[in-house]
Amino acid sequence: ADSTAAALGTALKSCGKLEKAQLGLYSTKLTDRGGEALAAGLNRPELKDIVLYLQDTLVADSTASAIGTALKFCGKLEKVDICLYRTKLTDQGGQALAAGLNRPELQDLDLRLFETEVADETAIALGESLSSCRKLVKLVLIVDDTKLGDPGMNCIVTVLATLPKLATIRLDLLRTNVSRQ
């Protein structure tokens, strides 16, 4: 899986006008070595739409950080769909990934991080990034079975209230540390 991801990352680098990428390497033995190489190929200025499914793999913080770094260079990014659930992701990678989502043109975000070790620091970083996404219309955030608690969720909820175009929200918070009150 790592060699395939590395080859794919290299191929993406030579796609000068790449606007949309749909990549699924889920349920494989992909590790951070391949995940980082794949993410390096997503550093495309013309990229508007990315679907990246890496769930049920061995990737962790280094891959999430590399994805976050790559997204920072996607100046036209409008739609992001990232699945990193059932991976070794923690707040270290979650924060870096969230920082890459600070994209002013972003309109549609689907982020699935359930059954990982992310917690409040990831949610706070995501809230900070979302605050600049004034064009966001749709948000799907699935963080079931994580360490997310009230501080992180409060940050996200506070930011959501300030997004003028937000029309669709899905938040899944089952089996987290978020209060039920």
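How many salt bridges does a search of the whole structure find? The search finds 10 of them, where a salt bridge is a side-chain nitrogen of Lys or Arg within 4 Å of a carboxyl oxygen of Asp or Glu.

## Basis of the model

This is a predicted model, in which local features need pLDDT of at least 70 and side-chain atom pairs count only at pLDDT 80 or more, while totals for chains, interfaces and linings use all residues. Residues are numbered from 1 along each chain as its sequence is written, and side-chain values use heavy atoms, with hydrogens and water left out.

One of the salt bridges joins the side chains of Lys20 and Asp49, at 3.9 Å from N to O. This pair links distant parts of the chain, since Lys20 belongs to strand E1 (residues 20–24) and Asp49 to strand E2 (residues 49–53), 29 residues apart; helices (H or I, at least four residues) and strands (E, at least two) are DSSP runs, numbered from the N terminus. Asp49 has a relative accessible area of 14% and is therefore buried, given that buried means under 20% relative accessible area, exposed over 50%, and partly exposed in between (1.4 Å probe, protein chains only).

## Salt bridges between loops

The side chains of Arg86 and Glu115 meet in a salt bridge of 3.1 Å, N to O. Because Arg86 lies in the loop between strand E3 (79–83) and helix H4 (91–100), and Glu115 in the loop between strand E4 (108–112) and helix H5 (120–130), the pair ties together parts that are 29 residues apart in sequence. Arg86 is partly exposed at 36% relative accessibility, and Glu115 is partly exposed at 35%. These two residues are also linked with Asp56 in a network of salt bridges.

Lys135 and Glu105 form a further salt bridge through their side chains, at 2.8 Å from N to O. Here Lys135 sits in the loop between H5 and strand E5 (138–142) and Glu105 in the loop between H4 and E4, 30 residues apart. Lys135 counts as partly exposed at 33% relative accessibility, and Glu105 is partly exposed with a relative accessible area of 28%.

## Aromatic pairs

The count of aromatic pairs comes to 2, with rings of Phe, Tyr and Trp (its six-membered ring) taken as a pair if their centres lie within 6.5 Å, and with planes under 30 degrees apart counted as stacked, over 60 as edge-to-face and the rest as tilted. The rings of Tyr85 and Phe114 are stacked, because their centres are 4.0 Å apart and their planes at 15 degrees. Tyr85 lies in the loop between E3 and H4 and Phe114 in the loop between E4 and H5, so this pair ties together parts that are 29 residues apart in sequence. Tyr85 is buried, with a relative accessible area of 14%, and Phe114 counts as buried at 15% relative accessibility.
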